[in-house]
Amino acid sequence: MVSDKRAQHFDLVVVGAGPAGLAAARAAAVARFSVALIDENPHPGGQIWRRDICDATSKKNQIVDLRRRELDRLGVQIFCGVTVVGGAHDQELGGAHDQMLGASQTRSLGAAQSHRLFLSRGDEAMVLSCERLVLATGARERFLPFEGWTRPGVFGTGGLQALVNNGFDIKGKRIVVAGTGPLLIAVAAAFQEAGAAVQAIVEQVSAHHVRRLGVGLWKRPAKLVQAFGYMRSLAKIRRVYDAWPLKALGQDKLESVVLRTVTGRQALSCDLLACGFGLVPEIRLARYLGCEDRLGSLKVDDNQETSVAGIFAAGEPCGIGGLDCALVEGEIAGLAAVGRIAAAAKLHAKRDKEREFAKQLEATFALRDELKEMSQPRTLICRCEDVTRGELDGFTSVREAKLATRAGMGTCQARVCGPALQFLYGWPEEQARLPLAPISMASFGVYAAATAKQKDRHNDGL
Amino acid sequence: MSGRVEREFEVFVDGRPFAARSDWTLATLLLNEGHFQFRRAVKGGTRAPFCGVGICHECRVVVDDFRTVRACMTLCRPGLEVRTGGE
Amino acid sequence: MSSLRDVIVVGAGIVGSACAWWLARAGLAVDIIDPEAVGTQSTASAMGHLVVMDDSEAQFALCHRSRVLWDTFLPHLPAACEVDTSGTLWVARDEDELAAAEARRDFYRDRDVKAEMVAPAQLAAYEPNLRKGFRGALLVPQDASIYPPAAARWLMDKALEIGAKFHRGRKVEAIADGGVLTRDGEVLKAPVVVNAAGMAALELLRGIDLGLAMRPRKGHLVITDRVPGFCRRQVLEFGYLKRAHGDEDTSVAFNIQPRRTGQMLIGSSRQFDVSSREVELPILSRMLTRAQEFMPRIADLNCVRAWTGIRAATPDGLPLIGPILSAPGVFLAAGHEGLGITTALATAELITNVVMERRSRIDGSPYLPGRFAESKGLRDVR
């Protein structure tokens, strides 16, 4: 099954339809450039504005609907449910681009090189080419393994929230939320709203650290309102600081979680455990396209341009920064990508302030070393291939460990175990290869037609 | 959210009919039915959705005989046949 | 580091690791040196097919001897080596290929390799997912497959158990003057150096021109999610032989291998003189489109991971195994193209016999490193 419009060209392609991507698409479209916005999920919104099926008129849904209507009016093409398989810079494919699209295509941005993305949607495949790219690929959660974390009923924090958004009924369920960072508060509040009984919020940093951040919030009224909003709805929920999970126990389903606390081990009965230790910038596609990073965050200049000319990035991929940061960086990226440098410059100060706050958050919720003891030799580190901590000790790089144990060779392509291996052993994540995500074999036929014709002149002879 | 959510059509899971909605993913459907066993792990044991956003692939199920899909990224459709417990 | 070593083996791929063990078993003090760890280069990308090939008597002899050696060890390899002894099915699409298949069967039978034809009507019973319409197939039931990095590690562990020393993470810059020069400037001396450095082997030989260059032949492979039972044995198209060994710059040929994990490994491709390691979408697409022509249900599978590997190819398709006469004490064990895993053990045995000046079971002259020199007006002599 092949999509009719297999190859399309835009001035700008924005990857990721979360807050940053929506902002970037809008900024560029307002400036009258042709824009495509792509996302893997069925609806725009990313994580923080993930579509709430249960409450159609929720604030989040309204925000996204509003933005979407505006983008539709501005002629932005939105492609949902697509996965990015790979990409290329045009000089590699030499001329196929122009031939594929016909000579009438004008290059409105005068790019020295253009970019191409190979996309897949089920069995369908598509190639999008563009002069400029904005990567607004967000972040993913960092999961730290502990005994029993693979048991059904244990979820990531954002993960359980996403499932609840889609209609997972948690009324009356006893939930423990554990890990680190402001996300714990946000999801705990959401779970309460959905009728669950949140048993505790278990935070690895000390109360003192979090209070210090609270003091800093005086400088930022908007965030204070946000924080107080949460505080009220969470007032009754027990907070445990300096604590983290050690074991998730149960027979067929989760029944309890054992915590490490300052006063010793404590067991909490629960039906569900939502657990996540912060966020990690999602930069696989960026690195694949050659963008440089520093310790896992993309390097960008004042105008959000990466080390690759014509590729911009905004929001979490540049360092975990939160919603407001994503919005302003998205706007800067969208403007700068289409040459509206003066307009972009006006937003620099606001962006810098947001990044400053982001740094404070990062420092507050830094992972403590003791978390390395969460996993035991028998604890599974790679969930896809069932590789334990004990099997991984003794290697000196991800590559070596991978070849010997198959850790990281599974379906998730090391997205889950990668950050854990980095935290436990200091191994940096490997460069990703095409395909950037698992895709169906059926879709390859389209790429063969769409990309190989000009380059490869050999006949298979059948 | 008030009361019972209205279901629209049937989806078959391991041969059994479950009432589903078109805006639900397979993950939502199975979890709401208390079905927490999605796939079998390499060294035994069962797995269920974990990351919830399509990254971990723990929620893999087989649809229409041969297709392995992520339950959390696959919407329900009328007559879909789903098998759990695969690898 | 002790300087009382007899042999330095350069390269800890499957060939180097096998050589290290064989030489150690012969009583020699062996040091192996590698810029990374065991089996991280071509060995890591390989399919691990243990197969008998018949392009020439010399190729057959090496493969066959090596297969016999593998057979003695396969039952003892640990689970990590994923030993699978289900055999190979070579599928024929037309009368020409069928005739070639029958000729091959005869060739094998004459040399005590079990081989039998499978009639079209029986094919579905052997491999239900093969599409209909093939003319038949050749079954080689004793072919096997392993997971190469694990097998290389096993061989290295065996060598280490009997006193060999592994210097991982150290790069050799040059082989000369009775030893090797490392990148960090150290000279390690040994009376014998075995150069098993794969694609890089010839570059390490300073001042020696054997009249050939090794050409990289890039290959692509993909692995699927777990679909146990999708196929039961390694299946290749017969045209693989024509296509794989021709001189075309780029070719794809169907090849599927079931792994112990239940995943399917699908290949294959060959590109001459491309040494960049990136996964190329056009090649992958051609390869997988071709695969679907043989087993249409491959369309339903997911490609979970793809990777590339570089095969080191010599002009005549045979590896370089043996002494370099103009550099006494230096031996080559490289250039195995697509048969490195299969022939690693026979290579190790041959090298050990030559180093120990013992008679070898198979005639080593077709693999002599100096064989190209004459035609180039050079001579590999002492």
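Guide: Here it is; note that this is a predicted model. The contact between chain C and chain A takes 45 residues from chain C and 34 residues from chain A.

Visitor: How much area do chain C and chain A bury between them?

Guide: About 3,300 Å², with 53% of it on carbon and sulfur atoms. Leu281(C), Arg286(C) and Arg305(C) supply 19% of the area that chain C buries against chain A, more than any other three residues.

Visitor: How many salt bridges are there between chain C and chain A?

Guide: The count is four salt bridges. One joins the side chains of Glu82(C) and Arg406(A), at 3.5 Å from N to O. Between chain C and chain A there are also 13 residue pairs in polar contact, counting pairs with both residues at pLDDT 80 or more.

Visitor: Which element gives the most to the side of chain C that touches chain A?

Guide: Helix H8 of chain C, residues 281-294, gives the most, with 10 residues. Other elements that give two or more residues include helix H6 (148-161) and strand S17 (302-313) of chain C. By class, this side of chain C divides into 20 nonpolar, 11 polar and 14 charged residues.

Visitor: Which strand of chain A pairs with S17(C)?

Guide: Strand S22 of chain A, residues 439-440, pairs with S17(C) in the antiparallel sense over two bridges. Ser440(A) stands opposite Asn302(C) there.

Visitor: What does the side chain of Arg226(C) meet in a salt bridge?

Guide: The side chain of Glu87(B), at 3.9 Å from N to O. The count between chain C and chain B is two salt bridges.

Visitor: Different topic. Where in chain A is the pLDDT below 50?

Guide: Chain A averages a pLDDT of 88, and 88% of the residues score at least 70. Stretches below 50 include residues 92-107 of chain A, with 24 contacts in the model beyond near neighbours in sequence. Another is residues 452-462 of chain A, with 16 such contacts.

Notes: Residues numbered from 1 in each chain as written. Chains lettered and ligands numbered in written order. Heavy atoms only, no water. pLDDT = per-residue confidence, 0-100. Contact = heavy atoms within 4.5 Å. Buried area = accessible area lost by both parts, 1.4 Å probe. Polar contact = N/O pair within 3.5 Å; in protein donor to acceptor, adjacent residues only side chain to side chain. Helix = DSSP H or I, 4+ residues; strand = E, 2+ residues; numbered from the N terminus. Nonpolar A, V, L, I, M, F, W, Y, C, P; charged D, E, K, R; others polar. Pairing = 2+ DSSP bridges.
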